[in-house]
Amino acid sequence: KTYRSHDEVAGDNMDRPPSAHGVHGLSEDEESAPLILSADGAFSGPAATATPQPPPSPASARRARSHHPMASRLVQLSAVLFVLSTVASVGHFAPDSATRLVLGARMPDFSGVDGSSASKRTEARINRQLIDDIFRGVDPFARSRVVRPDWTYPHTNWQPVFFEHLWTQYVRPNHGTLDFYLEVGSFKGGSITRLADLLKEKCPDWRKVSLVCMDPFSGDVNMWDWNHNKGTKFGHDFLDTGPDGRPQIFERFLANVADKGHQDMVLPIVVGGLVGMKLIDRFHKTGRIDQLPSVIYLDSAHEKDETFLELEQAWKVLRECGAILGD
């Protein structure tokens, strides 16, 4: 006969009926024999008639559970989940890393900004004035929900040659530099990141430039129309809806801007074009910002009458000798 220790039996007892707990003196064949439950609630079979042993002590029971195969797997699984949750919460391993590692995905690094305007942002005045005013000192990049960047939308029509022409023909002769650029309709950041790339490459005083982006980040009628098949027209998920059905366009915008390293000069405001430009007009008239945009890029409504209203409002807030362009 094969005899087994208290700890081994305690491990097996996790899957046995109460009447068979602590049984010794059974062969493997007898131990594997089925237990039969009679009508009066009693068990019959070799294990049921064997001599019961006293239950193991609490300490030995804990040791038995720790050696049980299922318990071992649970411990391993708990350890893995702990590591993953730690990585997800900490977000990065090196303070100066360019990206964050979260659950194996390449994530943007938001460490270039913090919860106040005294962050690593540039000295661009309009950005700082707006952060201190409408955002109460909290940078939008500082408390955003981190998602992966997404560059699968290639269809922005903003081209560097447009801006190079504006720079040489309008901005430089009339303003000396570009200090306030307003983009109305930003989607996931394709056009504004191209501009930021160009400015950092060609403009020595790019740190003084405020790139303000206004968009409700809620999609247009076509994007909602295409969302029945997850918006995959042209190979891109336009709305990028989350589990609650809300578009995640704004989160993707933040991730894309941070992925390019331009959170130091780009400031998003979640607002429609007309409301946003009226806000800029009011803030300037009341002294809450001290400049109007010298360039306004319109890529917003795409509806005839609404676009006309946006053009009218853009003209009202455009600086003297400024320029309006759009898509």
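How much space lies in the largest pocket? I looked this up in a predicted model. The answer is about 880 Å³.

**Pocket lining.** I listed the residues around the largest pocket next. There are 43 of them, and Tyr-153, Phe-187, Met-223, Asp-299 and His-302 lie nearest the pocket's centre. α8 gives the most, with five residues. By class, I noted 17 polar, 14 nonpolar and 12 charged residues in the lining.

**Helix α8.** I checked the length of this helix. α8 has 13 residues, so at 1.5 Å a residue it should span 18 Å. Its end C-alpha atoms are 19 Å apart, which agrees. Then I looked up which residues of α8 are buried. They are Ser-191, Ile-192, Thr-193, Leu-195, Ala-196, Leu-198 and Leu-199. An α-helix has 3.6 residues a turn, so residues three or four places apart point the same way. What do the buried residues of α8 pack against? I found the helices α7 (160-175) and α10, and the strands β5 (180-184), β6 (210-215), β7 and β8 (295-298).

**His-262.** I turned to a loop residue. His-262 lies between α10 (249-259) and β7 (266-270). Is His-262 buried or exposed? His-262 counts as buried because its relative accessible area is 3%, under the 20% cut-off. Leaving out residues up to four places away in sequence, I recorded contacts of His-262 with Thr-193, Ala-196, Asp-197, Lys-200 and Val-257.

Key:
Residues are numbered from 1 along each chain as its sequence is written. This is a predicted model: local features need pLDDT of at least 70, side-chain atom pairs count only at pLDDT 80 or more; totals for chains, interfaces and linings use all residues. Side-chain values use heavy atoms; hydrogens and water are left out. Helices (H or I, at least four residues) and strands (E, at least two) are DSSP runs, numbered from the N terminus. Buried means under 20% relative accessible area, exposed over 50%, partly exposed in between (1.4 Å probe, protein chains only). Contact means heavy atoms within 4.5 Å. On a 1 Å grid over the protein atoms alone, a cavity is a set of points where a 1.4 Å probe fits but cannot get out, and a pocket is an open set with protein on both sides within 12 Å along at least five of seven lines; lining residues have an atom within 4 Å of a point. Grid points are joined across faces, edges and corners, and a volume is the space filled by probe spheres set on the points. Ala, Val, Leu, Ile, Met, Phe, Trp, Tyr, Cys and Pro count as nonpolar, Asp, Glu, Lys and Arg as charged, and the others, Gly among them, as polar. The expected span of a helix is 1.5 Å times one less than its number of residues.
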